[in-house]
Amino acid sequence: MVMMYLDPKADLTFKKIFGNHPKRLISLLNALLPLSEEEQIHEIKYLPTELVPQLEGGKNTIVDVLCTDARGRKFCVEMQMEWSDAFQQRVLFNASKLYVSQAKKGGKYSELQPVYSLNLVNDIFVHDTPDFIHNYRIVHDKDSNKVIEGLHFTFIELPKFTPHSIADKRMMVLWLRFLTEINSNTKDIPSDLLNDPEIGKAVEELEISGFTDAELRAYDKFWDSVSVERTLLDDRYQKGREEGMNQRSLEIARNMLAKGMDASTVLEITGLSMEEIQ
């Protein structure tokens, strides 16, 4: 029998895979975050994914996966299908809220632990470099070796990833292959993914036979919403592009008219209507 799989990037599947499996989430975080050998995560506890503000009237937000480790460090994981400035601001907001929420009345600021925000984005948002992993910290503007510890952000552009683009980071390659190679068209899973204990179990959870009819409907609805959102973004981009081109044509027409060119010539060159030229 040919096995069918669901895409791990969907909201339903991503939370099912990483939302209640500590060893699996530890493996993912250690593979994708810029942690030294001494900073590796060994034990985690899941936290509620709804971030409730400490002050009345503040904004509640939901994240995909949230946990803390034995040192008290906080880890926030998001899977995002489309890039937007609003998403970037939400990431900053959520990480800051996590950091501030550690402060207790009478407590010491020195006891606050770092917050790591891991954001997997199924979109390209940095177009001037082939690099697909972007790590951010608070650094001095003239000396990047001077760092204010506390907030760490990792953004990964999944469409840019290729297995040969990383050297000597086996688990990073395997997890990114898991996220990018498996979808509803997949029939056979590569053996090197199945051979890793945690990734192999994650693959099993993607088997379509393990989902209820209601879950499958929710899965399809998710991809429908992604398609609609992508169409709206494309429409807004095209509309903005056309408006920008029209504004440029108007600017050229003004300059031509200011130099004494007749309206019919300006109309022919710019493609504007006579009403616009007048």
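Does W223 count as buried, partly exposed or exposed, and at what relative accessibility? W223 counts as partly exposed, because its relative accessibility is 23%, where buried means under 20% relative accessible area, exposed over 50% and partly exposed in between (1.4 Å probe, protein chains only). This is a predicted model, in which local features need pLDDT of at least 70 and side-chain atom pairs count only at pLDDT 80 or more, while totals for chains, interfaces and linings use all residues. Residues are numbered from 1 along each chain as its sequence is written, and side-chain values use heavy atoms, with hydrogens and water left out.

**Aromatic pairs**

- The whole structure holds 12 aromatic pairs, a pair being rings of Phe, Tyr and Trp (its six-membered ring) with centres within 6.5 Å, called stacked if the planes are under 30 degrees apart, edge-to-face if over 60 and tilted for the rest.
- F132 and F161 make an edge-to-face pair, because their ring centres are 5.6 Å apart and their planes stand at 75°.
- This pair links distant parts of the chain, 29 residues apart, with F132 in the loop between β6 (115–121) and β7 (133–139) and F161 in the loop between β8 (147–157) and α4 (170–181); helices (H or I, at least four residues) and strands (E, at least two) are DSSP runs, numbered from the N terminus.
- F132 is buried at 6% relative accessibility, and F161 is buried at 8%.
- Y219 and W223 are also edge-to-face, at 6.2 Å centre to centre with 75° between the planes, and both lie in helix α7 (residues 213–258), 4 residues apart, or about one turn of the helix.
- Y219 is buried, with a relative accessible area of 6%.
- A cluster of W83, F87, F125, Y136 and F155 is linked by ring pairs.

- Helix α2 (residues 22–32) is largely enclosed by the rest of the structure, because 9 of its 11 residues are buried, including R24, L25 and N30.
- Leaving aside residues up to four places away in sequence, F18 touches R24, L25, L28, Y46, V65, W175 and F178, where contact means heavy atoms within 4.5 Å.
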